[in-house]
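Q: Hi! Could you walk me through this structure while I have it open?

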Amino acid sequence: MEGMSEREYSAHSGLSRGAIQKARKASRLVVYSDGSINAAASDVRRGEMTDPDQQRRSTGGDAGFSGPADSSSYLKARTALTVYQAQDKQLGIQKKKGTLVDRARAEALVFRLARQERDTWVTWPNRVAALMAAEVALGVEKQTGTPVIIEAAILQRVLEAHVRQHLDDLADLRVSLG
């Protein structure tokens with residue numbers, strides 16, 4: 001036997017026997033005619049043909065790391081990618097369940113509801129001024145015994161002024177969805 005057996009080369013290279021068998025099938029090893037492995041030539045060929053990051057992971061060490069950054073940068077990037085993919089799947093599930101809504105749609109809905117509320121308040125003095133004038137006049141008449149007339153138009157203008165001031169104060173409020 002000219003070279004090493006698979007087991008011997010496995011111990012020599014620090015790789016598992018299965019990894020050695022895969023490397024042999026992929027022609028990453030130099031094999032003598034008797035089937036034994038030429039260790040020196042195989043080390044060089046494996047180094048040229050194998051991705052250094054794959055090689056490092058298969059040995060469990062940091063030797064052979066090809067990146068310019070520290071040895072944990074690949075693992076950090078891989079972890080970040082895995083976390084991102086998990087979060088993306090979780091968001092997809094929440095969207096399908098209806099627990100997650102589109103931000104633009106939510107903002108449009110809030111704006112529409114606020115506009116409806118504002119429009120209701122703007123028209124409120126027109127609807128209630130005459131009724132309020134009659135109620136106040138009746139209350140004063142019961143207390144004093146003297147008939148009183150309250151102008152609905154004046155009460156409407158006062159109510160409109162106060163409602164507009166209140167709406168102006170509310171206009172400064174901002175809804176933040178993120």
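**Chatting through the model**

A: Happy to! Let's begin with S27, which is partly exposed at a relative accessible area of 44%. One thing to keep in mind is that this is a predicted model.

Q: Where does S27 sit?

A: S27 is in the loop between α2 and α3, the latter covering residues 39-49.

Q: And what is phi like at S27?

A: Phi of S27 is near 60°, a positive value in a residue other than glycine. For background, most residues other than glycine have a negative phi.

Q: Let me zoom out. How many helices and strands does the protein have?

A: The protein has seven helices and zero strands. Reading from the N terminus, the order is α-α-α-α-α-α-α.

Q: What share of the residues is buried?

A: Buried residues account for 16% of the 178 residues in the protein. The accessible surface comes to about 13300 Å², and 56% of that belongs to carbon and sulfur atoms.

Q: What about contacts across the sequence, how many join residues at least 24 apart?

A: If you take contacts between residues at least 6 apart in sequence, 41% of them join residues at least 24 apart.

Q: Which residues make up the largest nonpolar core?

A: That core has seven residues: Y9, L15, I20, A23, L29, I37 and A39. There is also a second, separate core of five residues, with A129, A133, L155 and L159 among them.

Q: New topic: charges. How many salt bridges does the structure hold?

A: The structure holds five salt bridges. One of them pairs E6 with R24, where the closest N and O atoms are 2.9 Å apart. This pair links distant parts of the chain, with E6 in helix α1 and R24 in helix α2 (residues 17-25), 18 residues apart.

Q: What else is E6 in contact with?

A: Leaving aside neighbours within four places in sequence, E6 is in contact with R17, I20, Q21, R24 and I37. With R17 there is also a polar contact between the two side chains, at 3.4 Å. As for its place in the chain, E6 belongs to helix α1, which spans residues 6-13.

Q: How far apart are the closest N and O atoms of D119 and R118?

A: They are 2.6 Å apart, and D119 and R118 form a salt bridge. D119 is partly exposed at 35% relative accessible area, and R118 is partly exposed at 39%. Elsewhere, salt bridges that share partners join E6, R17 and R24 into one network.

Q: Now the surface. Which residues form a nonpolar patch there?

A: V110, V175 and L177 form one, with about 240 Å² of accessible area together. V110 lies in helix α6 and is partly exposed, with a relative accessible area of 33%.

Q: Last one: I'm looking at E48. Where is it, and how far from R28?

A: E48 is in helix α3 and counts as exposed, at 65% relative accessibility. E48 and R28 are 20 residues apart in sequence, and their C-alpha atoms are 8.8 Å apart in space.

Key: Residues are numbered from 1 along each chain as its sequence is written. This is a predicted model: local features need pLDDT of at least 70, side-chain atom pairs count only at pLDDT 80 or more; totals for chains, interfaces and linings use all residues. Side-chain values use heavy atoms; hydrogens and water are left out. Helices (H or I, at least four residues) and strands (E, at least two) are DSSP runs, numbered from the N terminus. Buried means under 20% relative accessible area, exposed over 50%, partly exposed in between (1.4 Å probe, protein chains only). Contact means heavy atoms within 4.5 Å. Accessible areas come from the Shrake-Rupley method with a 1.4 Å probe; for residues, only the protein chains shown count as cover. A nonpolar core is a set of buried Ala, Val, Leu, Ile, Met, Phe, Trp, Tyr and Cys residues joined through side-chain atoms within 4.5 Å. A polar contact is a pair of N or O atoms within 3.5 Å; within protein, one must be able to donate a hydrogen and the other to accept it, and residues adjacent in sequence count only if both atoms are side-chain atoms. A salt bridge is a side-chain nitrogen of Lys or Arg within 4 Å of a carboxyl oxygen of Asp or Glu. Patches are made of residues with over 30% relative accessible area and no salt bridge: like charges are joined within 9 Å, nonpolar side chains (Val, Leu, Ile, Met, Phe, Trp, Tyr) within 5 Å.
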